[in-house]
Amino acid sequence: MNNPDVLSVEEQEARLEKGRLLFAQNCDFLKGVVALEGLPSADRVEVAFAGRSNVGKSSLINALTRRKSLARTSNTPGRTQELNFFTLGDPQALGLYLVDLPGYGYAKVSRSLVEQWTALLKAYLRGRATLRRVLIMIDARHGIKQSDLDIMAMLDEAAVSYQIILTKADKLKLSEKKQIVTRVKEDIRKRVAAHPDVILTSAVKGDGIDEVRAIVAELAGQ
Ligand SMILES: Nc1nc2c(ncn2[C@@H]2O[C@H](COP(=O)(O)OP(=O)(O)OP(=O)(O)O)[C@@H](O)[C@H]2O)c(=O)[nH]1
Ligand SMILES: [Mg+2]
């Protein structure tokens with residue numbers, strides 16, 4: 001896996017360009033899944049967006065695809081209530097799936113509904129052969145919470161690769177941005193399935209969006 005820190009300027013530009021080209025292609029909503037039987041056939045690479053409710057998963061998908069409301073967002077934690085599959089890339093080739101997941105941790109919906117999503121989420125994350133990486137989104141103001149650690153422990157155990165994406169960078173001062181990235185890198189250093197790079201993003205200001213596009217393009221190319 002490429003480490004952006006050790007690439008030449010030209011190499012870094014080339015990978016950002018691949019990301020830009022991938023996300024310049026069509027991205028369409030395919031289906032919302034509420035039970036494992038509803039999953040589309042596992043015939044292409046998948047990248048999933050996981051994280052606590054309200055962290056900004058759906059907003060990041062919209063920012064990546066430059067679409068205002070491809071994925072539904074809201075102020076109310078628990079907006080995304082299904083595993084939402086989006087197709088990305090050349091319709092002639094298979095392309096890949098982006099998967100917007102319901103949030104975990106807390107949500108302004110009933111406990112039984114949350115339990116139902118959590119069970120589905122875990123079964124999906126653990127058992128999906130084509131899931132290339134889970135992007136775990138963490139609010140940059142708050143850092144890693146217990147519910148994030150629970151998901152990471154499960155992914156470590158199931159040997160499913162994941163990478164931390166910090167969100168809402170626009171809410172931080174410059175000094176705080178550096179601190180949180182350093183802290184989170186340290187927090188995940190010993191986790192076996194965690195990718196060591198931590199990406200700071202803002203769906204509002206655009207920070208890190210090119211980098212996440214490049215990461216998805218690399219995963220799609222493997
Ligand atoms: N300032 C700021 N607000 C953001 C950013 N990303 C998302 N938000 C806001 O955070 C709230 C939640 O965003 P969503 O994208 O719906 O979050 P989600 O993780 O998909 O939430 P659930 O589907 O409920 O789990 C909305 O009010 C967004 O406008 C960001 O980068 N900066
Ligand atoms: Mg959502």
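**View 1. Helices α3 and α4 are roughly parallel to each other.** In this predicted model, local features need pLDDT of at least 70 and side-chain atom pairs count only at pLDDT 80 or more, whereas totals for chains, interfaces and linings use all residues. Residues are numbered from 1 along each chain as its sequence is written, and chains are lettered from A and ligands numbered from 1 in the order in which they are written. The axes of α3 (residues 111–127) and α4 (residues 146–158) come within 9 Å and cross at roughly 30 degrees. Angles under 35 degrees count as roughly parallel, over 145 as roughly antiparallel, 65 to 115 as roughly perpendicular and the rest as oblique; they run from 0 to 180 degrees between N-to-C directions, with axes fitted to C-alpha atoms, for helices over the stretch in contact. The crossing of α3 and α4 is right-handed (the near helix is turned clockwise from the far one by less than a right angle). Lys-122, Leu-125 and Arg-126 of α3 meet Met-154, Leu-155 and Ala-158 of α4 (contact: C-beta atoms, placed from the backbone, within 7 Å). Helices (H or I, at least four residues) and strands (E, at least two) are DSSP runs numbered from the N terminus.

**View 2. Helices α1 and α6 are roughly perpendicular to each other.** The axes of α1 (residues 9–23) and α6 (residues 209–221) come within 7 Å and cross at roughly 85 degrees. Residues of α1 in the contact include Leu-16, Gly-19 and Phe-23, and those of α6 include Arg-213, Ala-217 and Glu-218.

**View 3. Seven strands form an open sheet with mixed pairing.** The strand order is β1-β3-β4-β2-β5-β6-β7, where two strands pair if DSSP finds at least two bridges between them. β1 (27–33) and β7 (199–200) are at the edges with a single partner strand each, so one side of each has no neighbour in the sheet. β2 (residues 46–51) pairs with β4 (residues 96–100) in the parallel sense over four bridges, and Val-47 stands opposite Leu-98 in β4. Across β5 (131–139), β6 (162–167) and β7 lies helix α5 (residues 174–188), running at about 160 degrees to β6.

**View 4. The shell around ligand 1 has 24 residues.** Gly-56, Ser-59, Thr-73, Thr-80 and Gly-103 come nearest (a residue is near if its C-beta atom, placed from the backbone, lies within 6 Å). Helix α2 (residues 57–65) supplies the largest share of the shell, three residues.

Technical notes:
Contact = placed C-beta atoms within 7 Å.
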